[in-house]
Amino acid sequence: MKMPTETRLAPLPQLALADTALIEHDYADSHSLADELAAAVANDLSDAIATRGRALLGLAGGTTPRQFLLRLGNKRLDWAKVDVTLVDERWVAEDDPRSNTRLLQETLFQGMARAARFTSLYTPLLQPENAEDIIAARIRSLALPYDVIVLGMGADGHVASLFPGGDNLARALDLGSDRLVTAMRAPGASEPRMSLTLSTLLAADSLYLHIEGRTKREVLAQALAPGAHAAQWPVRGLMQRRGEPGRIYWCP
Ligand SMILES: O=C(O)[C@H](O)[C@@H](O)[C@H](O)[C@H](O)COP(=O)(O)O
């Protein structure tokens, strides 16, 4: 059932969610978390293939998901029926150590998942602002909405490349817009980015938030506390989904 959405960028009313209640999937270490998250995502992908014939998966980059991606890539699935994109890409060449595509090449696509079809959020030669239409057309050609999206979160509360202080943050958070992707430049991002917008993320059938460490747990609690704003803590935008920010997987 679809719940009423949060007024754009307005504070939420009191959330009946204590920090501990929020984190349903709490693991002792990153290895057990990676095992369980990979199993859950593989399950969702199998279900999507069974019901829709194909599955669409969106993945975060950064440092946290390495173990999870390695495990997911080794899951027995009909990977040829899976489309994979990133939820955001850093605007650097795909062989650059900072590239999220490179991260997937080094992890997910080392395993059975190499049979999946990858759609890049990057294109060389253009600035990201001039490449939005090209990247949006690539995403539009996939069988939207995403079946599964796995997000990470930065210590500043960003998800995908929806950064606080980002030049295009307002339009990226605007649920009234049908924009699928946006370029983003932000003080907290070392390079320009291309990102799925909040509405693209929220439309996913299954949404996971994978965070590790006590600091991020505290950031999340702060971001989701009454009175916080998505403009300051973009992760809070996820609450506009069903009053919950997706399934949160956490370990110290
Ligand atoms: O390209 C990126 O940086 C990401 O997709 C980003 O949204 C990431 O999930 C967070 O920044 C967390 O990054 P870490 O896992 O490195 O802390």
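Modeller: Two strands are said to pair if DSSP finds at least two bridges between them. The model discussed here is a predicted one.

Biologist: Which residue in E10 stands opposite Glu212?

Modeller: Strand E9 covers residues 206-212 and strand E10 covers residues 247-251. The two strands pair in the parallel sense over five bridges. Within this pairing, the residue of E10 opposite Glu212 is Cys251.

Biologist: Which strands are the edge strands of the open sheet?

Modeller: The open sheet has seven strands with parallel pairing, in the order E1-E10-E9-E6-E2-E3-E5. An edge strand here pairs on one side only, and the strands concerned are E1 (25-26) and E5 (117-118).

Biologist: Is Leu125 buried or exposed?

Modeller: Leu125 lies in the loop between E5 and H5. Although not a glycine, Leu125 has a positive phi of about 80 degrees. Because Leu125 has 6 other C-beta atoms within 10 Å, the class is exposed.

Biologist: Is Ala160 buried or exposed?

Modeller: Ala160 belongs to the loop between E6 and helix H6 (169-173). This residue, not a glycine, also has a positive phi, of about 45 degrees. The cut-off for a buried residue is 20 or more other C-beta atoms within 10 Å. Ala160 has 32 C-beta neighbours inside 10 Å and therefore counts as buried.

Biologist: Which residue is joined to Leu144 by a cis peptide bond?

Modeller: The loop between helix H5 (128-140) and strand E6 (148-151) contains Pro145. The peptide bond in question has an omega of about 0 degrees and joins Leu144 to Pro145.

Note on methods
Residues are numbered from 1 along each chain as its sequence is written. This is a predicted model: local features need pLDDT of at least 70, side-chain atom pairs count only at pLDDT 80 or more; totals for chains, interfaces and linings use all residues. Helices (H or I, at least four residues) and strands (E, at least two) are DSSP runs, numbered from the N terminus. A residue is buried if 20 or more other C-beta atoms lie within 10 Å of its own, exposed if 12 or fewer, and partly exposed in between; C-beta atoms are placed from the backbone.
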